[in-house]
Amino acid sequence: MTLAERKLPISLVVITKNEASCLAKCLESANFVSEIVVVDSGSTDETVNIAERFGAKVLHQDWLGFGPQKQFAVNCASYDWVLCLDADEYLSPKLKASLQDLFRDEPTDCAYQFPRCNKFLGRFLRHGEGYPDCCLRLFNRQHAQWSDDLVHEKIIPNTDDFKVGVLRGDLMHESGESLYKYIEKQNTYTSLQANRMFSQGVNVTSLKIILSPFIRFLKYYFLKFGFLDGMSGFVHISIGCFTVFLKYAKLKCLLLDSNRKGDF
């Protein structure tokens, strides 16, 4: 059996809801794994059927939030090494080869990260905040887990000697959502972020609300060469700056409302 044909001791883990348009490409790109776990939260399209055609173990779980939902899926895997992908992501040939090479022997680190290349308005971004957008998506679940964050979840270690390696090749992110849907999602995310910061007792000044978007634009459009991505890069970075403004503005509103209630 060649290395390309060998199934590696990895569980591919994907959470889904109505992902029929992109799921097959995601699962096909990781056809070297020994197990596919798909946790669905109520798809009404062909998502479940597509997953089953790829031999996936399909489970239903009502939506818990991004972090808890992904951790639920990780807990359902049979292998300790888990590769966590979103349904609209797929491995580039170079990244796929890097993963296969990694498991020629036992991996020496607890987790591995790699750059993600995001497609926006028809163009894969290679600069600004759209790239390299490094993501930690392969890890041994004995050493780490997903955070409880409802949005912008991350991998958190549970051992002191947690080491992260880096793999070559890009994780391709090719979301098919419209600009309207993208902005709508950012509105939801900023509300969740503001509520989380409020619950943690975070304060925000008016000066930070005003300056943060401008500082972010200077960083990503000029210092990180976002202008090289053309209009797609400009729009992507501009929306990112506006979401920073929204996040802090919503937090400020929550703080003001809380102070008013405290006056009574």
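The following is a dialogue on how some terms apply to this predicted model.

Visitor: Why is E35 called buried?
Guide: Buried means under 20% relative accessible area, exposed over 50%, and partly exposed in between, with a 1.4 Å probe and protein chains only. E35 has 12% relative accessibility, so E35 counts as buried.

Visitor: Why is K57 called partly exposed?
Guide: K57 is at 31% relative accessibility, and therefore counts as partly exposed.

Visitor: What makes the contact of E35 and K57 a salt bridge?
Guide: A salt bridge is a side-chain nitrogen of Lys or Arg within 4 Å of a carboxyl oxygen of Asp or Glu. For E35 and K57 the N to O distance is 3.5 Å, which meets that definition. The pair links distant parts of the chain, 22 residues apart: E35 is in strand β2 (residues 33-40) and K57 in strand β3 (residues 57-60). Strands (E, at least two residues) and helices (H or I, at least four) are DSSP runs, numbered from the N terminus.

Visitor: How do you know that R116 and E89 form a salt bridge?
Guide: Their closest N and O atoms are 2.6 Å apart. R116 lies in strand β7 (residues 116-120) and E89 in strand β5 (residues 89-91), 27 residues apart. R116 is buried, at 14% relative accessible area, and E89 is buried at 0%.

Visitor: What does the salt bridge of R216 and E129 tie together?
Guide: The closest N and O atoms of R216 and E129 are 2.5 Å apart. R216 lies in helix α6 (residues 206-223) and E129 in the loop between β8 (123-124) and β9, so the pair ties together parts that are 87 residues apart in sequence. R216 is partly exposed at 25% relative accessible area, whereas E129 counts as buried at 17%.

Visitor: Why is strand β9 called largely enclosed?
Guide: Six of the six residues of β9 (residues 135-140) are buried, so the rest of the structure largely encloses this strand.

Visitor: How do you know which strands pair with β9?
Guide: Two strands pair if DSSP finds at least two bridges between them. Strand β4 (residues 81-84) is joined to β9 by three bridges and runs antiparallel to it, with W81 opposite N140. Strand β6 (residues 111-114) pairs with β9 over four bridges, also antiparallel, and F114 has C135 as its bridge partner.

Visitor: What makes the span of helix α5 close to the expected one?
Guide: The expected span is 1.5 Å times one less than the number of residues. Helix α5 (residues 179-199) has 21 residues and reaches 30 Å from its first C-alpha to its last, close to the 30 Å expected.

Visitor: Why are the buried residues of α5 said to line one face?
Guide: In α5, Y182, Q186, Y189, T190, Q193, A194 and M197 are buried. Seen down the axis, the buried residues fall within an arc of 140 degrees, so they line one face of the helix; the arc is that of the directions from the helix axis to the C-beta atoms. The face turned away from the buried side carries the exposed residues Y180 and S199.

Methods: Residues are numbered from 1 along each chain as its sequence is written. This is a predicted model: local features need pLDDT of at least 70, side-chain atom pairs count only at pLDDT 80 or more; totals for chains, interfaces and linings use all residues. Side-chain values use heavy atoms; hydrogens and water are left out.
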